[in-house]
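Colleague: I would like to go through this model with you. Please show it first, and then I will ask about its parts.

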Amino acid sequence: MTRSPTIRVPAEWLFLGLAVALGWFSWRSDDSALRGFPVQREVGDLRVMTWNVGEASGTHGNPLRDTSVKAVIDTIRRSRAELVFLQELQSRSQLRGIVEGLGGEPWRSATSGEGQRILGVLGRGSLTARSVALSRGRDALQVVYQAGSQAVLAVSLHADAFSAKKRNLQIGEVMSHLEGRHQRWPTLLVGDFNLDLDLDKRRDLFSNDEYRDVESYNLVTQELHDAGLGKGATAEPDRRLDYVFYHPAHLRLQEAGPLSGSRFGSMDHDPLVADFSWESTLSAD
Amino acid sequence: MSLSLEALKLRRSRRPWVVLAALVLYVILMLFGFATYAETETGGNVEFRYTFENESYFNGLTFAVYAFYFAALLLLPVFASTEGGVQIAGERSAGTLPLLLSRPVSRQRVFLSKFAVAGASLAMGVGLFLVLVLGVGLVFVGWGELRLYPGVLQMTDRPQSLSQAEALVRFLWVWPAASLAMLAPLTLSLLISTWSRSAVNAVGLSVSIYLVLSVISEIHFFRELRPFLFTSTLGYWRGLFREDIPWSQIFREASRLLAFSAAFLGVGLWRFRRQEER
């Protein structure tokens, strides 16, 4: 009688094989790779874009350079957004140049005022804008945009980059300004908030008061939903600083994400794009 | 036989008592800090600012989450590294390893028994620590519903609330999940221990490597490196506290940690079986 030979595999090879198998499963099932906003998708009822077009060169950075305007125009075209919020424009005339580059009518535009690093808005329809004075820093920009038969109320903000306390006040004042309005309007709050609370990394490296940033973000999300949540970074280095918040009473988020590969020159932000459909229709009145 | 010998050695060792004393001190300090912080934040003694919190936010379950979170990412991995580091190198520096290997027991069995006892003791330690923080939270603060907010401890990306009963069930699930996470630093230090002739060096090197990887995995600039560091996923159990548990993410990250642990264990065993003891 012959005994069949047995193959003995050393335990260390079993462990290493197990490591390879588990590692393969883990990496293969990793769906956290962020793909950005799919611009080819069918445009929803309302496609919104926010973009800090400032540049990171120099001691304190620069507003949008004229040499980068064409790249901004190309990106707006590519995004097919109908309502575009820009931060860090050089001047009102620069925004007019962008409108002309887009072909003029039906584009309308408005800015938060004169001077450097202003906020601007572009819309492919009727647009009414006014500045919202804040006690600290730059004014916010409120816009009523007529999207077809539906009017949208949006506020654009560029919060302070260096002080969490100022950010907290600016965001808080804008939220106070919006209070109660979402019952009457589809409401958006967009812009560069200069805070990053994403789950996977330390946040205190870029904030002088992390806890206050947590307060600021949570103050907003008590009322509004964060369209770009879980969609990845919008700014260098691997930070999510740009936001589109919306009230779910009248708007339903279809898709959102950063439009990667849009930076030109020394820009340090990607545009954030969000597609919405109407959750309910309000009277244009 | 090997298992019972290792268990006996652990019972006679002072290490578990040192760890317990350190954890009790930690909980006392956390309780003090938590109480003073909560009083300041909800007592109306701070300058006005916009806030999302309310008075029921600071309860015993929130305390338990805070206390466990920092311990599981900072303290327990250091204890795991210590436990792994002393296993082989400790025997070697004490001169007991040749004696241990002179018995009719394979090196593989010796190595795996040490790993099994160290792993089981860590799992028990994690469980006891959870009981401790929950008990202290209940006695000194009082339980309630567990509310979590984005940004706070990186636990959730949206405001959420768990009932007291549901939160306690989640704590129960966290026990095996966090114990599994401890296997990676344990096996890494066990691997280092096979190379070292001194337990102090093995523990020191293991803890240093853990801390370096831990820092690197949290800094934005090392985004590309993160997937290759076990420290990036060590806190994967936090997902168990979400209202909607991200199971696929939890399985994926647990698999990644187990892969690291198995690799460290395999290399450590390979090294241990081939080395000559003098």
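Colleague: How many bridges join strand β1 of chain A to strand β12 of chain A?

Modeller: Keep in mind that this is a predicted model. Strand β1(A) covers residues 46-52, and β12(A) covers residues 272-278. The two run antiparallel. One of the bridge partners is Leu272(A) in β12(A), which pairs with Thr50(A). The number of bridges joining the two strands is five.

Colleague: Which strands of chain A stand at the edges of the sheet?

Modeller: The sheet is open, with six strands and mixed pairing. Its order is β3-β4-β2-β1-β12-β11 in chain A. An edge strand here has a single partner, so one side of it is left without a neighbour in the sheet. The edge strands are β3(A), residues 108-111, and β11(A), residues 251-258.

Colleague: What angle does the direction of helix α3 of chain A make with that of β3(A)?

Modeller: Helix α3(A), residues 92-101, packs on the sheet. It touches β2, β3 and β4 of chain A. Its direction makes an angle with that of β3(A) of about 165°.

Colleague: How many nonpolar residues has the contact of α1(A) with α8(B)?

Modeller: Among the residues in contact are Phe15(A) and Leu22(A) of α1(A), with Leu265(B) and Trp270(B) of α8(B). By class, four are polar and three are charged. The nonpolar residues number 14.

Key:
Residues numbered from 1 in each chain as written. Chains lettered and ligands numbered in written order. Predicted model: local features only at pLDDT ≥ 70, side-chain atom pairs only at ≥ 80, totals over all residues. Pairing = 2+ DSSP bridges. Helix = DSSP H or I, 4+ residues; strand = E, 2+ residues; numbered from the N terminus. Contact = placed C-beta atoms within 7 Å. Axes fitted to C-alpha atoms, helices over the stretch in contact; angles between N-to-C directions. Nonpolar A, V, L, I, M, F, W, Y, C, P; charged D, E, K, R; others polar.
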